[in-house]
Amino acid sequence: MSTSHERIWVGIDAGKGHHWAVAVDADGESVFSTKVINDEPQILALIETAREKAGEIRWAVDISGRASTLLLALLIAHGQNVVYVPGRTVNRMSGAYRGEGKTDAKDAHVIADQARMRPKGFARLNTPPELVTTLRILTNYRADLIADRVRLINRLRDLLVGICPALERAFDYSAAKGPVIMLTEYQTPAALRRIGVKRLTTWLERRKVRNAGDVAAKAVDAAQSQTTELPGEKRAAKLVCDLAHQLLALDERIKENDREIRETFRADERAEIIESLPGMGPILGAELIAIVGDLSGYLDAGRLASHAGLAPVARDSGRRTGNYHRPKRYNRRLRHIFYLAAQTAMMRPGPSRDYYLKKRGEGLLHTQALLALARRRVDVLWAMLRDKRLFTSAPPVTQTA
């Protein structure tokens, strides 16, 4: 098959419903530009079109998430070389190209041209293992469920303020299940006063509420502080009842999702090593694997720390050297994982707490000391995974040759 170009770069501005593909040659001139529906036959047709134009093809995409799953799977299955050009890079470099307008075609052209000019500047994409893909789906779904739970609790508390402010203040509905169970039946001060502490305690005990007597006493005490019926109370009470049932059902879905995450995570050979590091439980470990995969995209622990935003970035100019600042481009979720793990480990006696107290003694604030601890723990975790060793409080002994 004859081709008109030795090599072309195809940039794809990926979307959920369709993609836009633009190919450029070695001089940066456009070879073709086309819209592609996110469908297998059309993507395969795009691959054949590119093969007809050149002997070697380099592909670049700006999205590596669910929207481009089919696209990436087909490209990699057909032996194509695909790199990832971050959307932030596309957004900033668009100003260097002609015209102020923003279109899918222009973005695709920028993606292709950046891949042409920076052949080693972008990470290559591969098909992630099935376990990593499953963990990404489960952890993303868990994040959605947690966000839904926060919204439900906020609506619940807002409605309770319009019924009985004292009852809204009496409990932490995000942490305690007993008060939520109570709201499925009793939402107004009048209803709580009628049932009383003794009968409410019995009612809660039948539903296996922990510390039922304390919950009943607090609820009735709050109800006795208000005898005025507020406008819209009856309708608000029905909505509170409905939200309480939704919240209980959502908690069960979160619990089931967490169970599936733990089972999937512990099927990975690295799970035992990750969980041995203090502060790294199965949920945080699963989210870590979902983000970093098999660590093949990181040359060393420093690259992993940089991706997590734990490595300071130099801002030197002229005579000003050694000026470091907090990075702006990093994975927020990965940073949060290491931060939470460091915070949990710092609360218990051990090397993590000793290092935290050392940094506090050097004058660092609480947050600064935690970030320093998180950075150190990245090195520890990297070495554990590299050597396939479990965490021990004492450092490993290095034998001399």
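Visitor: Is Leu 204 buried or exposed?

Guide: First, the conventions. This is a predicted model, in which local features need pLDDT of at least 70 and side-chain atom pairs count only at pLDDT 80 or more, while totals for chains, interfaces and linings use all residues. Residues are numbered from 1 along each chain as its sequence is written, and side-chain values use heavy atoms, with hydrogens and water left out. Buried means under 20% relative accessible area, exposed over 50%, and partly exposed in between (1.4 Å probe, protein chains only). Leu 204 has a relative accessible area of 0%, so Leu 204 is buried.

Visitor: Where is Leu 204 found?

Guide: Helices are DSSP runs of H or I with at least four residues, strands are runs of E with at least two, and both are numbered from the N terminus. Leu 204 belongs to helix α8.

Visitor: Which parts does the pair of Tyr 186 and Trp 203 tie together?

Guide: Tyr 186 lies in the loop between α7 (178-183) and α8 (189-206) and Trp 203 in helix α8, so the pair ties together parts 17 residues apart in sequence. Tyr 186 and Trp 203 are both buried.

Visitor: Which residues touch the most other members of the largest nonpolar core?

Guide: A nonpolar core is a set of buried Ala, Val, Leu, Ile, Met, Phe, Trp, Tyr and Cys residues joined through side-chain atoms within 4.5 Å. The largest one has 43 residues, and Ile 274, Met 280, Leu 288, Leu 304 and Phe 338 touch the most other members. Helix α16 (366-387) is among the elements that give two or more residues to this core; with 10 residues, α16 gives the most.

Visitor: What volume does the largest cavity have?

Guide: Rolling a probe the size of a water molecule over the atoms shows where empty space is left. On a 1 Å grid over the protein atoms alone, a cavity is a set of points where a 1.4 Å probe fits but cannot get out; a pocket is an open set with protein on both sides within 12 Å along at least five of seven lines; lining residues have an atom within 4 Å of a point. The largest cavity has a volume of about 40 Å³. Its lining includes Ile 274, Leu 288 and Leu 304, and α12 supplies the largest share, 3 residues.

Visitor: Which residues are closest to the centre of the largest pocket?

Guide: The largest pocket holds about 2300 Å³ of space. Of its 50 lining residues, Ser 64, Tyr 84, Ala 123, Ile 291 and His 307 are closest to the centre. Helix α5 gives the most to this lining, with 6 residues.

Notes
Grid points are joined across faces, edges and corners, and a volume is the space filled by probe spheres set on the points.
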